[in-house]
Amino acid sequence: MFVRLLLLAGVLGLLVNAPALRTLKPAQTRHSARTPGSEPLGTALKTCRDLRVSGKYYLSRDVSSTGVCFGIDADNIDLNLNGHSITYGTGGGTKPTPAIEGHDCWSKANPGYEGPCGSEHGGLEVHGGTIVQSKKAAPFSPVFGFGQGSFDSAPYIHNIRAWFQNTGAQFYNSNYLPAGARIENNTIYDNVTDIQQPGQGMQSARSAFQGQAISIGQNAQNPGPGDRIKDNRIEGSPQGGIRTVNQNSVISGNDISMNATYANDFCVDVPANNTVVTKNNCHPRSGRGFHVNADHVIIADNIISVIELKQDPEYGGCESGGTYGVQLEFDSSFLSSPPNGVVVKGNTITATAEACQAVGLRLTEMTPAARNTFTGNTIKTTNSGDAHDFGISTDSSNNAGVTISGNTFDDQYAYADGEWDGYSFTIGHNTWRGSPAYTFAALDGACDPKQDGSGAECPSSARFIDRLPNKVKCGPESAATVTIGPEVTVCKPNQ
């Protein structure tokens, strides 16, 4: 028995460290030796079933199901997988069948799960085992799926290992639940490559964030205690790692590595106020870091190492803009006014440009009607191909409401750039290292009425308070005024 355990441990080690995420296979479950009387408290389960009575349950063997394995249709259920495994969706079909799910019987279309239903689902805890999606499982069958229903509290999911790969599958998907989910210490192997419903385009699918490994949706800016998404390991994902619409959430200690082929590909997307994102390690094979479009968000003490590969079919290669370490954006479809009170501090950001552009800090569509701070960050950008790298990039923005000071920049092509739809900013009191080709690249469209952005900032201007080399790259259409220390450069279009 001891030899067998060592062999299985070796196999697991190879799987976890394998460089090709798409080839990861579920390992056999390791069962610890038990002495008589050492079983957990509660009701032993030998098969999948609908759980309709509150209490403690534990698996006494590995189980599988043609569709849903466990329906949660009573409050205060503790489901201990007890070191065993669940394999779900072996019967195929077209209607989504999560491994573990809960929804009210009146809710037929949303979430549309094929499985049991009930009227009570709160106080759920699931922990301590492995869940594997069958390759026959129906599309959009998450590991955990919770839809509209009578939830007096959100689930607590911890110490689960999960493998899934079918179209639209996610580790955790919930809609219209109370805030307060706890998703902690899970290991997630997301081998999904397609997130589109039949007839749905790529833009529609990624705009709905259907490719997030952990997705807590609906009820935008939902108040309450917030979610706790901590210490998870996420490998893979065709779009992103974590997204919750609940205010006051904490996202910390997670290790996230996507291999994105869809846009909006962030390790963490933050659309809810008062979210704290801290001490995460974001290192996608292809993807972006953190995206903020909410108020009073803190992005602190994270390690962010990003690159965008030329593998986004929607854009025919590189996603527009390339990769970003941290992006602060005013998206008016989510907010009525620009993000305010955002603090980005103490992060270590590395952004690499190869075929696609790389940016450390990105500001998009911002206006002066906010007060946001970027400070104490260390940003290093490089390029090794045809694309350029920038410590700071801004577009369609007046950045008077954003203070960027006390940071350290080390860049290869340019410390900063301003893009097609215009910009206006003043920056100073930072440490500038390296010897980039340019201090600033003025790439605006000179207020061309054919510009793409609705929030164009014209005329464009950039001012550096710190004394830096007066090296300005004027794009062919730029009419920007660039001030570096005492020196002023005025770009002239078509020259």
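Modeller: Start with the largest cavity. Sixteen residues line the largest cavity, and Ser-174, Leu-177, Pro-178, Ile-216 and Asn-246 lie nearest its centre. This is a predicted model: local features need pLDDT of at least 70, side-chain atom pairs count only at pLDDT 80 or more, and totals for chains, interfaces and linings use all residues. Residues are numbered from 1 along each chain as its sequence is written, and side-chain values use heavy atoms, with hydrogens and water left out.

Colleague: What is a cavity, and what is a pocket?

Modeller: Rolling a probe the size of a water molecule over the atoms shows where empty space is left. On a 1 Å grid over the protein atoms alone, a cavity is a set of points where a 1.4 Å probe fits but cannot get out. A pocket is an open set with protein on both sides within 12 Å along at least five of seven lines. Lining residues have an atom within 4 Å of a point.

Colleague: What volume does the largest cavity have?

Modeller: About 80 Å³. A volume is the space filled by probe spheres set on the points, with grid points joined across faces, edges and corners. Strand S12 (172–175) gives the largest share of the lining, three residues. Strands here are DSSP E runs of at least two residues, and helices are H or I runs of at least four, numbered from the N terminus.

Colleague: Which residues line the second largest cavity?

Modeller: Leu-363, Ile-392, Asn-399, Val-402, Ile-404, Phe-425 and Thr-426. The space is about 50 Å³. Five of these residues are nonpolar, two polar and none charged. Ala, Val, Leu, Ile, Met, Phe, Trp, Tyr, Cys and Pro count as nonpolar, Asp, Glu, Lys and Arg as charged, and the others, Gly among them, as polar. Strand S35 (402–404) and S38 each supply at least two lining residues.

Colleague: Where does S38 sit in its sheet?

Modeller: Strands of a sheet pair through backbone hydrogen bonds, either parallel or antiparallel. Here the order is S34-S38-S41-S43-S44, an open sheet of five strands with mixed pairing. S34 and S38 (residues 422–427) pair in the parallel sense over two bridges; at least two DSSP bridges are needed for a pair. Asn-398 stands opposite Ser-424 in S38.

Colleague: And the largest pocket: what is its volume?

Modeller: About 670 Å³. Its lining has seven nonpolar, 12 polar and 12 charged residues. Asn-264, Gln-327, Glu-329, Asp-331 and Thr-364 lie nearest the centre. S27 gives the most to this lining, three residues.
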